[in-house]
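Subject: Structure for you to look at

Hello,

Please find the structure below.

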Amino acid sequence: MTKLTYFPGCSAHGTSEEFDHTLKLVMKTLNVELEEIPDWNCCGATSAHVMTENLALSLPLRNLVLAEKLENNTMGIACASCYSRMKSTKKYMDEHPDKAKELTSSVIDEGEYTGKVEIKSMLQFCYEEVGVEKIKSLVKKSLSGLKVACYYGCLLTRPKGVTQFDSPEYPMSMDRIMEALGATAVDFDYKTECCGASFSISRTEVVHLLTGKILEMAKEAGADLIVVACPLCQSNLDMRQPDIEKHLGKKIGIPVMYFTQLMALAFGYPEKELKLSKHIVPVEEALSNIGKVVETPQQPTKTKKAVPSAESEAK
Amino acid sequence: MIRLGYLEKNTFLEAVNKKSGANVLNCYQCGKCVSTCPVSSYMDYPPRVIMQMIKLGMKEEALKANSMWFCLTCSACSGRCPREIDIPAVMEAIRHIAIEENYVNKTKKVKEIRTFHNIFLDMVKRYGRNYELRMMAEFNIRTRNLFKDMHLAPKALLKGKITIGHEHVKRGKAIRKMYAMADKLEKSQKG
Ligand code: SF4
Ligand code: SF4
């Protein structure tokens, strides 16, 4: 059994309990034991770096120091925002050891920082450490018939210098994992557009605009559902969807699931383990496509749809 | 109008470069960042213009703008910048300078953004963790908009999306010390 240090992030026990739960199921199947950082604190996303310098570095650094007390070489992080904060702090500390010393000696009361623990997002861990072949070999129930749009958001692959993972413009790791489960990953131009998560509470109109485009594009690409790897993306795309529909004046109705929910389903866990009742936009209808024959391609319907609407606008 | 060649010493540019680790002088005004930025339409000046203002030493104008408060740190622009400038780091640098030197953008939108961030940081100071429902509620109280998002709450509560109770960090003392010491350090660096 491999052991992995785990940083769940603040949403894991609230808004994204279904992510945390299915991640643990998936890891069980993959024979990976998750060891939570004892007494971890909020990494400060999305506010600390906006307002402060030293606090923005200290909050993640305390977690990095605590993580070093466990024996494992790698830490897996569930939330993309936490991942970004923790990994950019690690990069900064590794490049500025004096700063690390200054902070651990005067600000953080938990011991020294050496930089020995690697950081990966859980998506990255599944793709790089476990691998698509192994995932494929563990599938008990193929998801064939299901068309998914993989949404990565901004922070899982950007900035490249920090994440060192996949393409910042058109990543494919989640698409490959979904294909390994038997699902069809559609071409999705908005896969790395920002959903505006940091304005979720303070500037909701920005979220409506940005997230609205992502939802519409996924629908247009012919997806039955959107797959995500971040709790903030999920709650923006799912919980705010009814408001966005009102704002756009049309129904979208596209469910938003975590990649781990679909992995758990394909690994043979019963549907009740996915905690589907947590979703605001119901997922049952989308999942009923599993086992159906997929009609490809979606591209022609896209252009056909676009032409009459342009004409009607011109009128 | 200030022109680049006429400026003897552009201290604003120097301060921004030092804080951000970027070299703003490298910007050749192509505008790729503007077309990439998802929120440029909300900004008083889009990233390209901010870059030029810094190059020209237009400190007042840049620090009073709302641009850096709208930046989402999504790094879409910097990934495409042909001069490889870390634009979000530049935005962050001018935001921090604006806070340190008390440049206040008085528009409601920026005020609300700052209020949210302060609530967030207060919450983490108290509990070591953040907690969405409480943040929403507190934001509504402080911005006197009690019913914003409240239509979401019953459904979210019902579905267990948000919970009433929440967890604390056990060593809360360590967190409070961190806040105090980080603040002290910030002040000593400034002075
Ligand atoms: S993309 Fe880079 S070089 Fe072009 S205007 Fe923006 S900051 Fe300047
Ligand atoms: S990092 Fe900021 S300036 Fe750059 S594209 Fe994103 S929101 Fe715009």
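A:Tyr6 stands opposite A:Glu36 in strand S2 of chain A. The model is a predicted one, and that applies to everything that follows. The strand S1 (residues 2-7) of chain A runs parallel to S2(A), and five bridges join the two. They belong to an open sheet of four strands, ordered S2-S1-S3-S4 in chain A, with parallel pairing. At the edges are S2 (32-36) and S4 (118-121) of chain A, each of which pairs on one side only. From one strand to the next, the twist averages 40 degrees.

Helices pack on this sheet. Helix H4 (residues 80-95) of chain A touches S1, S3 (74-77) and S4 of chain A, and the direction of H4(A) makes about 155 degrees with that of S4(A). Helix H6 (residues 122-130) of chain A also touches S1, S3 and S4 of chain A, with an angle of about 100 degrees between the direction of H6(A) and that of S4(A).

Chain A has another open sheet of four strands, in the order S6-S5-S7-S8 and with parallel pairing. Here S6 (184-185) and S8 (256-258) of chain A stand at the edges with a single partner strand each, so one side of each has no neighbour in the sheet. Strand S5 (residues 147-150) of chain A pairs with S6(A) in the parallel sense over two bridges. Within that pair, A:Val148 has A:Ala185 in S6(A) as its bridge partner. Helix H13 (residues 259-266) of chain A packs on the sheet and touches S7 (225-228) and S8 of chain A. The direction of H13(A) makes about 70 degrees with that of S8(A).

Now chain B. Its secondary structure comes to 11 helices and zero strands. Of the 191 residues of chain B, 41% count as buried. Among the contacts in chain B between residues at least 6 apart in sequence, 65% join residues at least 24 apart.

One helix to look at is H7 (residues 87-100) of chain B. It has 14 residues and reaches 20 Å from its first C-alpha to its last, close to the 20 Å expected at 1.5 Å a residue. Is H7(B) largely enclosed or largely open? It is largely enclosed by the rest of the structure, because 10 of its 14 residues are buried. Among the buried residues of H7(B) are B:Ile87, B:Pro88, B:Glu92, B:Arg95 and B:His96. After H7(B) comes B:Asn102, whose phi is positive, near 60 degrees.

Ligand 1 is surrounded by 15 residues, of which the closest are B:Cys27, B:Cys30, B:Lys32, B:Cys33 and B:Cys81. Helix H2 (32-36) and helix H3 (47-55) of chain B each supply at least two residues of that shell. Its largest share, three residues, comes from H3(B). The shell around ligand 1 divides into 10 nonpolar residues, two polar and three charged.

The two chains touch. The contact takes 44 residues from chain A and 49 from chain B. On the chain B side, the elements that give two or more residues are H6, H7, H8 (108-127), H9 (132-142), H10 (153-158) and H11 (172-190) of chain B. Which of them gives the largest share? That is H11(B), with nine residues. The chain B side divides into 26 nonpolar residues, nine polar and 14 charged.

B:Lys187 is exposed, because the cut-off for exposed is 12 or fewer other C-beta atoms within 10 Å and B:Lys187 has 11. B:Lys187 and B:Glu100 are 87 residues apart in sequence, yet 8.9 Å apart in space, C-alpha to C-alpha.

Regards

Definitions and conventions. Residues are numbered from 1 along each chain as its sequence is written. Chains are lettered from A and ligands numbered from 1 in the order in which they are written. This is a predicted model: local features need pLDDT of at least 70, side-chain atom pairs count only at pLDDT 80 or more; totals for chains, interfaces and linings use all residues. The expected span of a helix is 1.5 Å times one less than its number of residues. A residue is buried if 20 or more other C-beta atoms lie within 10 Å of its own, exposed if 12 or fewer, and partly exposed in between; C-beta atoms are placed from the backbone. A residue is near a molecule or strand if its C-beta atom, placed from the backbone, lies within 6 Å of it. Ala, Val, Leu, Ile, Met, Phe, Trp, Tyr, Cys and Pro count as nonpolar, Asp, Glu, Lys and Arg as charged, and the others, Gly among them, as polar. Two strands pair if DSSP finds at least two bridges between them. Two residues are in contact if their C-beta atoms, placed from the backbone, lie within 7 Å. Axes are lines fitted to C-alpha atoms, for helices over the stretch in contact, and angles run from 0 to 180 degrees between N-to-C directions.
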